[in-house]
Amino acid sequence: MRAVEIQEYGGPEVLRVVEAEVPAPGPGQVSIDVAYTGVNFADLKARADGYRVPALPFVPGLEVSGRVRALGAGVTGLAVGQEVAALTQGGAYADVVVADAVTVFPLPPGVDLRTGATLPTVLPTAYALIHTVGRLQPGETVLVQGAAGGVGTVLGQLASAAGAGAVYGVVSSAAKAEYARGHGYDEVFITSSTAPSFAKEVREATDGRGVDLALDPVGGETLRASLDSLAPFGRLVSFGNASGAQPWQVGQPDLYPLALSVSGFSILTLAQTSPTELRTLTERAFQTVVDGVVSLPVTAEFALPDAAEAHRLMGTRTSTGKLLLRTHDTDGATELA
């Protein structure tokens, strides 16, 4: 089978197509004939910096859709040939991938394989940020960093559907701002990670009060500015560190004056520490797609051998929505939006 692996860390050019043995599932695992693979920023960090890479060579990729190829010992509730979506610990840039059965989910009725590949990381993350960790209440205001990305696209829709009083987004360009306004955002601020000046704009938009919930995947100074954007009793949820900045500490002087709280979320960590909770969360999140509450546009597809081109596009920070790799043809990229 084909796989796209990294043998050294570096730019997109280190992604190489190789011939590999078809993996067999172990006890409690499932092998999947991959139809589509979702491209995530974590894949870029793995390629460039070794993020969550246990050893080289390594095949990146955290989410797929496809059909069950084989079941490992002890697996129940799934069948060979069944269409599924799955969260993996890596290895998804390939024709066949193995995943723990607890993170393999039958596709709901009406959800096709292409849509299914957009779901495993983005949907549960967004659902948790709004409902489980963020605990958004009707009438509250929300601030989202990266509002035009995959998670940001879903967050705007979920927050609006949950009855948010206003949904504010932060993006890096006018084109992204226009995109975000079409996916649940009431107002969008244009800024950059090197100059996170949105706190002032947020205060002005909220008549000086600030927002009730801020959701931040960037880290560094952007995370600090998100904290500065909170209203009394506000909540800040960190769900990534795309900036690569050193972690900062928050303490009593930051939290006590306005009774603020700070929490965090990582779907990859939850998959390891509490897969049962992840499964419950994912099933609820998938239902929002079935119910038509949210949709995640696929804005570009690339054939599996062209994974480097997908990384180059995502690395420009100009992409919106979701990027996919497909395994059923090799005719290059398809721009969809």
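## Notebook: a walk through a predicted model

**Entry 1, a spot in helix 6.** I started with Ala199, which sits in helix 6. I'm working from a predicted model, so I keep that in mind throughout. Is Ala199 buried or exposed? Its relative accessibility is 17%, and the cut-off for buried is under 20%, so Ala199 counts as buried. Next I looked up who touches Ala199, skipping residues up to four places away in sequence: I found Ala225, Asp228 and Ser229. I also checked Leu230, which is 31 residues along the chain from Ala199; the two C-alpha atoms are separated by 8.8 Å.

A reminder to myself: most residues other than glycine have a negative phi, and most peptide bonds are trans. Then I went looking for exceptions. Which peptide bond is cis? I found one going from Leu56 to Pro57, with omega near -5°. Pro57 is in the loop between helix 1 (41-49) and strand 4 (63-71).

Arg52 belongs to the loop between helix 1 and strand 4. Its phi is near 60°, a positive value in a residue that isn't glycine. Arg52 counts as partly exposed because its relative accessibility is 35%.

Asp207 also has a positive phi without being glycine, near 55°. I located Asp207 in the loop between helix 6 (198-205) and strand 11 (211-216). With a relative accessible area of 77%, Asp207 is exposed.

Another reminder: a pair of aromatic rings is described by the distance of the centres and the angle of the planes. How many aromatic pairs are there? I get two. In one, Phe105 and Phe286 have ring centres 5.7 Å apart and planes at 70°, so I noted the pair as edge-to-face. This pair links distant parts of the chain: Phe105 is in strand 7 (residues 104-106) and Phe286 in helix 10 (residues 275-290), 181 residues apart. Phe105 and Phe286 are both buried.

Tyr168 and Phe189 also form an aromatic pair, and this one is stacked, with 5.9 Å centre to centre and 20° between the planes. Tyr168 is in strand 9 (residues 166-171) and Phe189 in strand 10 (residues 187-190), so the pair ties together parts that are 21 residues apart in sequence. Tyr168 counts as buried at 6% relative accessibility, and Phe189 is buried with a relative accessible area of 6%.

I also spotted a charge over a ring: Lys45 lies over the face of Tyr51, 4.8 Å from the ring centre.

The largest pocket comes out at about 1,300 Å³. It is lined by 47 residues, and the closest to its centre are Phe41, Gly146, Pro217, Phe239 and Ala242. Which element gives the most to this lining? That's helix 4, with four residues. Other elements that give two or more residues include helix 1, helix 3 (122-132) and strand 9. Sorting the lining of the largest pocket by type, I get 23 nonpolar, 20 polar and four charged residues.

The second largest pocket holds about 150 Å³ of space. Among the residues lining this pocket are Ala128, Phe265, Glu277 and Arg284. Helix 3 and helix 10 each supply at least two residues of its lining, and helix 10 gives the most, with four. By type, the lining of the second largest pocket has five nonpolar, two polar and two charged residues.

Technical notes: Residues are numbered from 1 along each chain as its sequence is written. This is a predicted model: local features need pLDDT of at least 70, side-chain atom pairs count only at pLDDT 80 or more; totals for chains, interfaces and linings use all residues. Side-chain values use heavy atoms; hydrogens and water are left out. Buried means under 20% relative accessible area, exposed over 50%, partly exposed in between (1.4 Å probe, protein chains only). Contact means heavy atoms within 4.5 Å. Rings of Phe, Tyr and Trp (its six-membered ring) pair if their centres lie within 6.5 Å; planes under 30 degrees apart count as stacked, over 60 as edge-to-face and the rest as tilted. A charge sits over a ring if NZ of Lys or CZ of Arg is within 6 Å of the ring centre and within 35 degrees of the ring normal. On a 1 Å grid over the protein atoms alone, a cavity is a set of points where a 1.4 Å probe fits but cannot get out, and a pocket is an open set with protein on both sides within 12 Å along at least five of seven lines; lining residues have an atom within 4 Å of a point. Grid points are joined across faces, edges and corners, and a volume is the space filled by probe spheres set on the points. Ala, Val, Leu, Ile, Met, Phe, Trp, Tyr, Cys and Pro count as nonpolar, Asp, Glu, Lys and Arg as charged, and the others, Gly among them, as polar.
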